[in-house]
Structure formats: C-alpha cells, structure tokens
Amino acid sequence: MPAYRAPLRDMHFVMNELLDASSHYAKLQGCEEVTPDLLAAIIDSGAKFAENVAAPLNAIGDEHGCKFDNGKVTTPPGFREAFQQYGEAGWQALGIPAESGGQGLPTSVGMCVNEMIGGANWALNMYAGLANAPVTCLIHGGNEAMKATYLPRLVSGEWGGTMCLTEAHCGSDVGLLRTKAVKNADGSYTVTGNKIFISGGEQDITPNIIHAVLARIEGAPKGTKGISLFIVPKVLLNPDGSLGERNAVHCGSIEKKMGNKGNATCVMNFDGATGFLVGEPNRGLNCMFTFMNSARIGTAIQGIAHAERGFQGALPYAKERLAMRSLSGKKNPDGAADPIIVHPDVRRLLLTAKVFAEGGRMLVHYLARELDIVQHSADKAAQDAAEDRLALLTPIAKAFITETGFEAANCGMQVFGGHGYIAEHGMEQNVRDSRISMLYEGTTGIQALDLIGRKVLLNGGVNLNLFLDEIDTFCTGNASHSEFTAPLAELSKEWRTLTGELGEKAVANMDEAGAAAVDYLMYAGYVTQAWLWARVVVLASTKGDADGGFYQAKIHTARFYFQRILPRTRAHLGSLRAGSASLMAMPEALFIF
Amino acid sequence: MKYTAPLAHMRYLLNDVFEAGKHWAEMPAFAAIDSNTVDAILEEGAKLCSEVIAPLNRSGDEEGAQIHNGIVTTPKGFPDAYRKIAEGGWVGLAGDPAYGGQGLPKMLTVLFEEMLYSANNSFTLYVALTSGAALAIHAHASDELKQTYLPNMYSGKWAGAMCMTEPHAGSDLGIMKTKAEPQADDSYRITGTKIFITGGDHDLTENIVHLVLARLPDAPAGPKGISLFLVPKILVNTDGSLGARNAVTASALEHKMGIKGSSTCVMNFDGAVGYMVGKPHQGLAAMFTMMNYERLSIGIQGIGCGEMSYQNAVRYAKDRLQGRAAHGAANPQGVADPIIHHADIRRLLLTQRAWNEASRAFAVYVGLQLDLANYHPDHDTTVKAAQRVALLTPVAKAFFTDKGFDACVLGQQVLGGHGYIRDNGQEQLVRDARIAQIYEGTNGIQAQDLLKRKVLANGGRWMRDFILEMEQDTLLASPVFASEEDAVLKACSTLRELTLWLVKQDKRDADLCSSAACDYLHIVGHTIYAWLWLKMIATNPADTDRHVLGRFYFGRLLPQIHALDAAVRSGPDLVMDLPVDKF
C-alpha cells in the first residue's frame, strides 16, 4: 500500500483558518492553553505515530487478520506493541478530562489525532476507540469508587474496553435485547447472555478488557426502558487493585469479515459474569448514548480516513501510470504515453475522492468544535445551541461521510484499473475496510430515520431552521461570491420547503418519513457540504496565490463540488418527492424471485 | 446461499416483451427453435446452476485458486462441475453447429449466462472466457485452426483464455511489447509476459487455448502493429491428439479482492509456438469482434450478482424481526416486525429489483440485436442491428456493472452488520461484482468508447436513430400509462438535446467529451431503462405488481438523470483546471 501521509496542511487549514481554533479555544474553560503552537505540536506528533507506527501495520493487519483458538484471540503481529506505544505516548488520555486522569484537552484535538491514526490503520485505531466506551460510560454514570478503580488504567491505555450491545436477534432494535442481570447480595450483578459483533471483545493486546454491557435487570420493563448498563471486567480485581480471578466472560468465536480484519469482532458469552451497575437501573441506554453520539462522529471520521486513503493512493499512480495521449495534445511527448492524470475521467475520480475527503474533514471538525463547546463552555446558551446543532448534524455526518467515503475509496481503486483489484496495492483493502462504516454504529438507514424523525420532524424543524438561518445569513453577507452563495441560498430555501412538505405528508402517513429518509439525509449532506465549501471560497479568495497556490486549489475544488457533485441534490429531491406509495404498495409475498 | 433462477421474468421477457418467436421465425438459423425447447433449456440451466454450481460459490471463495510449481488448481468441486456442464453441451450453447456448437440465439443464452453468474462468478469466468476465445477463433481463424480447436472448445474438453494485458499496458494496448517471430513452417514463436489472465492455467480441462496479442518484428508502433495468435497450452498433433507441452506457463496468481476461485494468472510465453489468427497487424480488430460479446457477458456478471444479492436480501428481510412498521404492527404476535415492512428496507430491495429487471430486459434486447446482426437475411436489418450493438454494448457493460455493484452494496446493507460477515454471502457478491466495473475495459473506457467512437464519430446519428426507436415504441404503449410515457419521452428529449450539445461542443473542446463521458453513459442507461420499464409494464397491463415496480423506477430512480445532466453540462474546466501539482 502506498505510504500514508497525514494531511497536515489541510488539517491546519480546517482547524486554524476555517474554524479559527485559537479564538475558539480561548473561549473555553480550561482550554486556554491550547495555542496554535500546542495544537500544531500535538498534530505533528500524532502524524508521526500515524505514519511511522500505525500505517506500516495496515496491510499486515489485513493479511494476518485475527486468529481464534480455544477462547483466545491473537491480533496481527505488531498490534500489541503499537497499542502500547499509543498508550505510553498519551494518545488514549488526550481528550479525557484531567479529573478522570486524562490530559483534559478538548475533544476536537483528539479528533485530529484520531483522523490521522485511523487513516493510517483503522483496525488498530478501533481498539483505542472502543476503550473509550467504558471510559465515557464511567465518566457520565459511574460512582467515585468505580471511576477510581477503572479509569486510570483505561485512560493510560493499559487496559482495553468494549461496548457490548448487539445480540444475535437484535441490532438496530435494541429494545429486544435479552441479556440478564441478577443482583447479588454484595450489590454486584450476575450477567448472563450472548453478545455478537463485539469489536475487541477479546485480544492479546492488554491484560484486562473492561466491557460496557447492556442487560436487563430481573423484572425490568420490556423494551428500551428496561435496559441497564454494567461494567464487566474480563479479569476481576483484587481489593488491592491487582488482577485477580478470571471473570465468566469468554469469547466464543470471531467473525470472518469482508474487511477490518485486524480488529477482532467477537461473539461474547457472559456465563454468570460479575458486573457492576453504572448509573441508575433501567437508564442504561441514556448512559450508552452519550458514548454513541461521539462514537457516531468517530465513525464519520472513518469515512474521511478511507476517502483520504483512496485519494492518496490513487494520486501518485495517476501521475506515474502512462496510458494513452491527452485529447488536448501530448503532455509527455518523450514517453510512450501520457500519465493518466491528464485524462478528464481520471481527474473526475480523483477530484471526487478529494472533495469527499476534504469536505468530510471540515464537517467532522466543525462538529468536534461544537462538542468542545458543549463540554467546556461557560456560556449556557452557547452550550444549548451547540447541543442542538450536534443533534441535527451528527446523523448527517455519520451517514453522509461514510457513504461518500466508500464512494471515494471506490474512486481511488478505479483509478488503478485492474491493479486496484489486486491486494498488494492496498486499494481494495481500503474499499473493504470502509464498507463496515455504513453498517455499524447505526446503519445509514437508521441514521436517516433519526435525522428525519427525532431531529427534524419531532423537533418541529426548530434546529433545522436555526441552521438554515445561519446559512442564509452567510449567503446574504457574502453575496459578492454569488457563484456559490446564490445556489446555496436557493438550496437552503428548498430544504425548508421540502421539510414542510414531508412533515405534512408524514402526519397523514407515517411511512412517508421512512420512505424519504435516506434521500433526505443525503440531500441534507450535500447542502451542508456546499455551505462549508462556500465558506472555504470566501476565505480562500482573500489569499490570492499565497502558499504555492493552496488557496487557488481550494477554489477549484469548491467549484468542482458545486457544479459536478451538488447537482445530485436534484436526484434525491425527485426521489423523495415521489413519496412512499410505490415503496409500500407491493405485497410482501410478491418480492418473489 | 440458495439460488432460484427468475424464470418467470425471463420467460416474460422472451415470449411477451420481445416476442422472441416472431424474430426467430425470420432467421433461418433459429427457425427450428420452439418454445418447448426454450423452456426446457431455461429449466435445465436453472437446475444446473442451483444444484451443481451455486453450492461451490462460498467454498470457492474461501479456498481460492492455488498455484504450486506453475500448476494451478481450482477449488474443490470445480473440475466435476465443469465436466457436468461440458457434458450437457452448455459450453457451446451459442457455438456454430458446423463445429459442434448448439447454435442457440444470444437472446436466449444471455439468460443462461445470468444464471451462471448468479450462481458462481468465479466458476462462470472459465466458461465465459472459453466462449469468448471460441468466438474470436470462429470469426477470424483459418478453417484448419477452426477444425482443430473449435469442436473441443464447444464440447468443454478444452478451455480458452485471452492474453492481452501486460504490466505496463492495460487500457492502452498500443504500447504492448510481446513479440512474435515467424518460423519456416508458418508458425510463430511468442515471447513475452502477460498479466491478469483469467483462466490462464487451471485443472478443469486437458488443454487451454490462449489467444495472444503480440507484435511481429516489422510491426509499426502503436495499436496498428498488433497481431493475434492462437497458442495452445499443449500442442496438438496432426491427428488431433495431444502432443508436447508448449512453452507457456503460469508463474503466479494474483491475490485479489474477489473472484478468488477464478485463477488470475501471470503468463510467461518463452518462445511458445503460436499460429496467427486473421491478418498481420489486424489483431486488435479481430479481438474487438469478440469484445462486444465479452463486454455484454461481463455486463451480465453485474446482473447476476445483483439478482443473487436481491434474493439473499429478500429472504433475510422476511425473516429478520426488528422494530415495528410505521403504519402499525405487521406481526403483532411476534416481538417485532419483519424488516421488509420498513419503508427504507423496501427502498433498498426495490432499487435492486428495479435495476435487475431493467438490466435483464436490456440484455435480452442487446442479445436480440446481436442475433439480428449475425443471422437476419435482410441486409438493412443486419446493418441497423450491428449499429445498435456497437452503440449499446458499452452502455450495457458499464451500466449493468455499475448498477449491479450498487445493487450488491444495497443488498449487503439490508443485512446490517450481518452483511459484513463472510458466511452470509452478501459481502462476497460486493467483492466479486467489483471487478466487473474494471475488466474488459474499465467503465471509464466504456464511456469514452460510447461517446467518442459511437456517438460523436457519426455526428450523433446512431444515437438519434435509437432515440427515435424508443420514442416510436413508447407512442405505441397503452394510454393507461400516460404519465410513464411522458417520463420516457422527456428522458428521450433530455438525451437528444444533450447529445446535440455534445456534438456541437466537441468541435471546440477536446477534453469536454472525456469529462462528460461517464455521466453521459449513465443518462443513456437511465433513458433506456425508463423505456424498458414502460415496455415491461405496458406489455401486460393486467399485471399490476409489475406496474408497482415500474412506478418505483420512474418515481425514485429516474430522477438521477437530472443530477447527471447538470454535471455533464458543467463542462470540462472543472475537472481540467486544477494543476497536477495541486491535487
């Protein structure tokens, strides 16, 4: 696979120029020390880890995969050492509050590092990402004793963690879950049941694994309101904190998957394992959702990671591979043919991957900034506004960026022609690895239902209107860039109108929302990206040809986005306006072969 | 994974929508075919695919093709299954009866090919490459070569392979280097290395017949200096028995994303004995005769994958209980409703179905045009049909495989996380289908071929004629379907206007056509599918279920044409302006 290079210049652009990091951090409590220099130093050192430690293990991870033997999982060669280095370098602690043993840096800083390490090796990165599940749950729901027991060693990277939610019969519909918890005399619980698709459920990287498990306490109400959250350590602790007895939680098997093979996906059997309740009984989903909201943004980062990888892999190939002559005259007259980057269709593929990588990056870091405000702002109104914005845009970011990340990964592979299909170039691994991102952490369909249902219609369109008002104000204030702001303002208007239409239709027929959901989300994603690209243009147009033409390249890319990608809103609009009739009319029996 | 051939739809297309019998009656080569024979072939083919070939699909993926010391072995069960299809005469289904083929129309055999691909992509490629090689030999080789090789290829005793690509020459074959030295006995010695050779070596047959592109010593540079040679793995004695091993060997297999049961070989020709097929320096043209068939076949791989993925997804969607239907519980006794009651799941399934059925119809249509071009007694009919074939083959190849890949991704999505797990088969279909967008000319190359050679080269005349055919056919549809007719006619005018615009612009801007090509091809595909959906629903207005599917296509998929039209019209600057060092 081509070497991974952290996109430092673009990250600097997004963080410091587009999102004005220094004034952002200055306004947050306890984040004042995050100066541009500190941010740059952290990003640089994250880039080194990504490029030198994580990236070289990416193809190895795919090739070796994880091995299962008699309850034990062996991860690919090098993963354990890399994870240890990760912990020692303090990366696991980066965004964790200081009072919980972390470095107390804003989430947005961690997201930068996450993008680079994830871009270098997603399977490796996921062991770290999932260790955050028990951390977040404990921070939000754990009592002091539990925090003291588990947090330091999770935060230092000494122990791993998981989120145990899915069961064989319940994935999207969590309310159906059956894993049982029975209270013991000492206040602990005995947890029994089977969980599937548990990332990092068992591994040979850390001596202990802390599982965050959803289960039902005996006698709990049915459905989602009877679910509680437990911490179940793989190895129980002695009173002095040393590792004690093995708990009754075991890996039954690991899945053979399309990709992401370096990360063990486990069937976990809880056979009367000892667990500890986190938070209130029957309130487990609330606690878990705190993690899941940030995990959804974390998964959106996976979309950027694979888009970036697809683009980075394809670019040198397109410059080196000689095939045929440019239509507008030879560009490499001394060679047997021209490099394929002269061909418009190859450029279309490259630019598509590029706009989705850079566009995804802008949206994720924009959301990370909102997360910072929620977590660190002293201004309650600002916190509420950020919370609302996050609620609206998180499902869009998760689904849109992973969908377009998969498309970009495919574009990168297509540039290679037949060579893209061969394992050694790494482009097909990138496609396989990216495919999971549209499935886990809530499928694209589930994100879309969340968006249109909870986030738009049930909210009476309030959050959406605030967002569109901001877009409108931006367009009015930048009318001189009408090439971009005029179509954006039109789309904003159209988005409001079609949301109104949908609301009315959904009142009459609930299936209308479900039928429109994914088209609506994709429409929303394209318009949100257009807003960010228009902001880029406004900024870049003040810079002339500074920095070797970096800003000119941004304007070219934005123009490509507006004229060649944004028209996709026409297709989604047409499709969602067609309504639900043709979807629901066909009787189930007639889906025959 | 259980495969059931969609026989009802296949019969409907053949008998009702395209009235195959009427066309066959006009062509002496097919006049003897009756509907009972056709039914028997489809049913037997379906049985063979479900019972013999489909069961080898998952195991073939896990096991893969293997190479040891230059000898390639296919996954367990492949040799037996190949013997069965050979014995049944399925390899030579469309072959010339004069050399032992079955002489059946392409219009019919495209349907069997689809079944094969649905059942097992890797396995089918060995068959498809053999048919393709036989076709080129039939069209261009001397009678002596035909007598020696064709009967054994049609009977499935020997297989075929195509050797074109070299490490540095894929889309640009003009820069290839493999050499052919003439010998005193009129044979040639071939030397060079070819890569990506599907079925370059395997253990399915006793001999493999390679068709190899190479340059003669005096050949001009570029594509006009390439000749075509037949190079058998094992030389054939004058009495037809197998003789000495030829100097052609597989040196490695590629590790690929999918089609793992199919051997993708690096082939070394070390002074191998070969025989020229066709005329010197005319190799590419000879190869292109067969290319239309191969491209259609690879297109059909897309349909086969999409269909199989649909079948798996529907089965899962009916079984999997998750959430309650928005319109009220559909399965009140159960803990939740089958997910097929959720609108978004239906959107995924119906999208797959709408692509699959329209693609199948289009494959039959292109098959019919190939038959007319080759077998119709009337000269004007053959000329017109040959134009249609030339115009529509790149569309079929690229659109089938793009939509087939999309369909597989959607079918995987229906299964949620379970779709990512190998045992469930959906991810394999995504991996297997992905190659079809790349080989036999990437879909980018197909789009260039369509726009440059097939549309702009004749000033848009072929496209104009074809649009007219679609429009006239549409006007014949029952007035019951007025809104669908209107949509087809609108799509036709969008396509006509865009074609005219491109013809005009082309003279001014060389990069325009290339920058527009992919989106243009998709607009052509959509217009054709709109026409075919109307044709499918209008052929039997009583079939209200098919009407539901048609309405889904018109309402929810056809609008994609607006996005594509806008992208094409944005012109080439957007893709050309960014300097290379600014990527």
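In which loop of chain A does Asn70(A) lie?

Modeller: Asn70(A) lies in the loop between strand S1 (67-69) and strand S2 (72-74) of chain A. Before going further, bear in mind that this is a predicted model, where local features need pLDDT of at least 70 and side-chain atom pairs count only at pLDDT 80 or more, while totals for chains, interfaces and linings use all residues. Residues are numbered from 1 along each chain as its sequence is written, chains are lettered from A, and ligands are numbered from 1, in the order in which they are written. Helices (H or I, at least four residues) and strands (E, at least two) are DSSP runs, numbered from the N terminus.

Asn70(A) is exposed, because it has 6 other C-beta atoms within 10 Å. The cut-offs are these: buried takes 20 or more other C-beta atoms within 10 Å of the residue's own, exposed takes 12 or fewer, and partly exposed is in between, with C-beta atoms placed from the backbone. The phi of Asn70(A) is near 50°, a positive value although the residue is not glycine. Most residues other than glycine have a negative phi.

Asp20(A) sits in the loop between helix H1 (8-18) and helix H2 (21-26) of chain A, and with 12 other C-beta atoms within 10 Å it counts as exposed. Ala479(A) is exposed, with 10 other C-beta atoms within 10 Å. The C-alpha atoms of Ala479(A) and Ala489(A) are separated by 9.8 Å, for 10 residues along the chain.

Now for a helix with a lot around it. H13(A) has 11 of its 14 residues buried, so the rest of the structure largely encloses it. Among the buried ones are Ile446(A), Ala448(A), Leu451(A) and Ile452(A). Their cover includes helix H11 (380-415), H14, H15 and H16 of chain A, together with helix H10 (343-375) and helix H11 (379-414) of chain B. From first C-alpha to last, H13(A) reaches 18 Å, close to the expected 20 Å; that expectation is 1.5 Å times one less than the number of residues. H13(A) also bends by about 25° at Asp450(A), the bend being the angle between axes fitted to the seven residues ending there and the seven starting there.

Tyr520(A) touches Ala448(A), Leu451(A) and Ile452(A), along with Leu502(A) and Leu576(A), leaving out residues up to four places away in sequence. Here, contact means C-beta atoms, placed from the backbone, within 7 Å. Tyr520(A) is also one of the residues that touch the most other members of the largest nonpolar core, which has 410 residues; Phe229(B) and Tyr520(B) are among the others. H16(A) gives the most to this core, with 20 residues. A nonpolar core is a set of buried Ala, Val, Leu, Ile, Met, Phe, Trp, Tyr and Cys residues joined through C-beta atoms within 7 Å.

On chain B, helix H16 (residues 510-539) is mostly covered, with 28 of its 30 residues buried. H16(B) has a kink of about 55° centred on Ala517(B).

How do the chains meet? There are 79 residues of chain A in contact with 77 residues of chain B. On the chain A side, the elements giving two or more residues include helix H9 (284-320), helix H16 (511-540) and helix H17 (546-565). H17(A) gives the most, with 8 residues. That side divides into 39 nonpolar, 21 polar and 19 charged residues; Ala, Val, Leu, Ile, Met, Phe, Trp, Tyr, Cys and Pro count as nonpolar, Asp, Glu, Lys and Arg as charged, and the others, Gly among them, as polar.

Finally, the overall view. Chain A has 19 helices and 11 strands, and 59% of its 593 residues count as buried. The C-alpha atoms of chain A fill a box of roughly 80 × 60 × 60 Å along the principal axes. Chain B comes to 19 helices and 11 strands, and buried residues make up 61% of its 583.

Definitions and conventions. Contact = placed C-beta atoms within 7 Å.
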